[in-house]
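Subject: Structure handover

Hi,

Here is the structure you will be working with. Please open it first, then read my notes below.

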Amino acid sequence: MRRIAVVPGSFDPVTLGHMDVIARATKLFDEVHVVVVHNPDKHALLPIAQRVTLIEEAIEEAGISENVVVSSWSMGLLVDYCTDVGATVLIKGIRTQLDITYETPMAMVNRNLAGIETVFLMPEPGHSYVSSSLVRQVASLGGDVRPYVPHVVAKYLQGA
Ligand code: PNS
């Protein structure tokens with residue numbers, strides 16, 4: 001049986017922490033869908049189509065494109081996307097205890113809704129403090145975001 005997993009998120013923008021989790025997921029599953037989801041609770045910097053393009057370029061740059069599909073979802077429940085593509089697992093990156101507190105209710109609801117299991121993966125400790133919101137703030141104030149994001153994202157944000 002082909003094992004398909006979905007890595008969802010706002011990815012506004014994709015960070016090295018996200019890339020680390022995506023790369024780990026590609027080693028565990030036959031097919032990995034990285035799905036950009038509109039999160040109405042967050043004020044967005046980049047349009048969804050741009051986030052998708054940057055993830056595609058970063059995945060190409062990282063050499064892990066073989067079993068990765070990048071897409072977006074704004075049609076309702078994330079589990080419906082999972083069911084549509086035959087995915088049985090959601091992957092979430094966990095940096096700190098705060099992430100576990102935030103992710104646990106979503107994992108329970110997604111399992112109750114459609115039997116989709118959530119697998120938590122830990123990124124490299126060096127990425128554990130990196131977040132898209134910090135990157136957005138550093139970029140908006142003219143700081144150097146290159147330590148935190150793939151080259152293509154740094155180039156897009158600041159012409160690095
Ligand atoms: O990167 P983020 O913003 O923390 O990702 C959160 C996201 C997009 C994964 C989450 O908000 C989500 O799953 N949204 C889809 C809507 C949905 O299915 N909600 C019900 C179950 S949580």
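What follows is a short account of the ligand site, the pocket and one loop.

Please keep in mind that this is a predicted model.

**Ligand shell**

Which residues surround the ligand? The list runs Gly9, Ser10, Val37, Asn39, Lys42, Leu77, Leu78, Lys92, Tyr102, Met106 and Asn110. By class, that shell splits into 5 nonpolar, 4 polar and 2 charged residues. Helix H4, residues 97–114, provides the largest share of the shell, with 3 residues.

- Lys42: a side-chain N or O atom is 2.8 Å from an oxygen atom of the ligand.
- Asn39: a polar side-chain atom lies 2.9 Å from a ligand oxygen atom.
- Tyr102: an N or O atom of the side chain is 3.1 Å from an oxygen atom of the ligand.

How much of the ligand does the protein cover? On its own, the ligand has 540 Å² of accessible area, and the protein covers 79% of that.

The ligand takes up the space of the largest pocket. The volume of this pocket is about 1,200 Å³. Its lining counts 48 residues, and the closest to the pocket centre are Gly9, Ser10, Lys42, Tyr102 and Glu103. Of these, Gly9, Ser10, Lys42 and Tyr102 also belong to the residues around the ligand.

Which element gives the most to the lining of the largest pocket? That is H4, with 8 residues. Several elements supply at least two lining residues each: strand E1 (4–9), helix H1 (16–28), helix H3 (78–85), strand E4 (89–93), H4 and helix H5 (132–140). By class, the lining of the largest pocket has 22 nonpolar, 17 polar and 9 charged residues.

**The loop between E1 and H1**

Two backbone features are worth checking before you set anything up. Most peptide bonds are trans, and most residues other than glycine have a negative phi. The peptide bond from Asp12 to Pro13 is cis, with omega near 0 degrees. Pro13 sits in the loop between E1 and H1. Phe11 is found in the loop between E1 and H1 as well. Phi of Phe11 is positive, near 50 degrees, and Phe11 is not a glycine.

Best wishes

Conventions. Residues numbered from 1 in each chain as written. Predicted model: local features only at pLDDT ≥ 70, side-chain atom pairs only at ≥ 80, totals over all residues. Heavy atoms only, no water. Near = heavy atom within 4 Å. Polar contact = N/O pair within 3.5 Å; in protein donor to acceptor, adjacent residues only side chain to side chain. Areas by Shrake-Rupley, 256 points an atom, 1.4 Å probe, with all protein chains shown as cover. 1 Å grid on protein atoms, 1.4 Å probe; cavity = no way out; pocket = protein on both sides within 12 Å on 5 of 7 lines; lining within 4 Å. Sits in = over half its atoms within 2 Å of the grid points. Helix = DSSP H or I, 4+ residues; strand = E, 2+ residues; numbered from the N terminus. Nonpolar A, V, L, I, M, F, W, Y, C, P; charged D, E, K, R; others polar. Points joined across faces, edges and corners; volume = space filled by probe spheres on them.
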